[in-house]
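Open the model in your viewer and keep the selection tool ready.

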Amino acid sequence: MAELNLVLLGPPGSGKGTQGERLNEDLRLPYYATGDILRAAVRDKTELGRTAKGYMDAGDLVPDEVIVGVIVEALDSDAARDGFILDGFPRTTPQAEALDAKLDELGRRVTAVLLIDVTDDEVVRRIGGRRTCAENGHVFHVDFNPPKREGACDIDGSELITRDDDNPATIRNRLNQYHEKTEPLVDYYDQRSVLRRIDGEKDPDEVAEEIRRTLATMRLEQDEAV
Ligand code: AMP
């Protein structure tokens with residue numbers, strides 16, 4: 001089977017994390033969520049974490065050179081040989097170019113970019129109720145995707161917390177950063193014919209189903225092209 005190199009694109013709160021976890025279970029491909037990687041580094045007080053913390057708390061993007069190295073190294077590993085799922089990377093044009101350059105070097109390319117579309121109003125509404133598992137970043141929502149047991153992650157049982165940057169002031173800045181720096185990637189990937197739009201305003205099961213259908217159609221198209 002052809003390798004599947006997937007990118008999840010969309011504003012904060014669009015459901016990239018929720019869908020990324022499901023894809024990770026369905027496809028058994030390594031899942032790299034840069035926000036989770038950076039939060040773990042902050043928690044472990046590594047050099048990466050110390051550099052990233054101030055940017056993250058303000059809702060700004062960390063500098064490209066800080067994050068590109070982390071992803072390039074991950075994709076060079078054996079684990080990512082048959083494909084990968086990227087969530088939260090790339091977030092700028094230089095990051096997308098660095099990803100292309102690395103994949104090019106490995107004789108590979110991005111297979112599909114799933115743009116999870118939601119409006120700013122919906123983002124603001126969702127982020128208020130978002131709860132994140134302290135240990136592994138699994139995502140829940142108090143109303144739309146509640147855990148089976150209040151305050152505990154369904155998957156690993158760890159405590160559910162509100163992220164430091166999930167507050168109204170920071171979320172506004174994160175949305176601004178998205179529109180200014182990340183949204184140009186919609187065109188970038190559309191021009192390369194790998195962009196697939198997903199309606200992210202539906203409930204998580206329906207979004208997951210649309211993603212499944214999209215990937216299945218894409219595979220059929222690929223098979224026909226061979
Ligand atoms: P997320 O969990 O994806 O919402 O990311 C949380 C925060 O981590 C962002 O607001 C940024 O400060 C930082 N971050 C995550 N991924 C990237 C990236 N690819 N480039 C720059 N900053 C990032």
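## Stop one: a pocket

The model is predicted. Begin with the second largest pocket, which has a volume of about 440 Å³. Which residues lie nearest the centre of this pocket? Select Arg-39, Ala-40, Arg-43, Ile-161 and Arg-163, which lie nearest the centre among the 19 residues of the lining. Next, colour H2, helix H3 (47–58) and strand S5 (130–133), the elements that give two or more residues each to this lining. H2 gives the most, with 5 residues. Coloured by class, the lining of the second largest pocket shows 6 nonpolar, 4 polar and 9 charged residues.

## Stop two: the ligand

- Arg-91 has a polar side-chain atom 2.9 Å from a nitrogen atom of the ligand.
- Arg-163, already selected at the pocket as one of the residues nearest its centre, has a polar side-chain atom 3.1 Å from an oxygen atom of the ligand.
- Arg-174 has an N or O atom in its side chain 3.3 Å from an oxygen atom of the ligand.

On its own the ligand has 480 Å² of accessible area, and the protein covers 96% of that.

## Stop three: a salt bridge

Side chains of opposite charge can pair when their charged atoms come close. The structure holds 19 salt bridges. For one of them, select Asp-117 and Arg-197, whose closest N and O atoms are 3.9 Å apart. Where in the chain do Asp-117 and Arg-197 sit? Asp-117 is in strand S4 (residues 112–117) and Arg-197 in strand S8 (residues 195–199). The pair is 80 residues apart and links distant parts of the chain.

## Stop four: two backbone details

Hide the side chains and go to the loop between strand S3 (83–87) and helix H5 (93–105), where Pro-90 is placed. Is the peptide bond from Phe-89 to Pro-90 cis or trans? This bond is cis, with omega near -5 degrees.

Arg-28 is not a glycine, yet its phi is positive, at about 55 degrees.

Conventions
Residues are numbered from 1 along each chain as its sequence is written. This is a predicted model: local features need pLDDT of at least 70, side-chain atom pairs count only at pLDDT 80 or more; totals for chains, interfaces and linings use all residues. Side-chain values use heavy atoms; hydrogens and water are left out. A polar contact is a pair of N or O atoms within 3.5 Å; within protein, one must be able to donate a hydrogen and the other to accept it, and residues adjacent in sequence count only if both atoms are side-chain atoms. Accessible areas come from the Shrake-Rupley method with a 1.4 Å probe; for residues, only the protein chains shown count as cover. On a 1 Å grid over the protein atoms alone, a cavity is a set of points where a 1.4 Å probe fits but cannot get out, and a pocket is an open set with protein on both sides within 12 Å along at least five of seven lines; lining residues have an atom within 4 Å of a point. Grid points are joined across faces, edges and corners, and a volume is the space filled by probe spheres set on the points. Helices (H or I, at least four residues) and strands (E, at least two) are DSSP runs, numbered from the N terminus. Ala, Val, Leu, Ile, Met, Phe, Trp, Tyr, Cys and Pro count as nonpolar, Asp, Glu, Lys and Arg as charged, and the others, Gly among them, as polar. A salt bridge is a side-chain nitrogen of Lys or Arg within 4 Å of a carboxyl oxygen of Asp or Glu.
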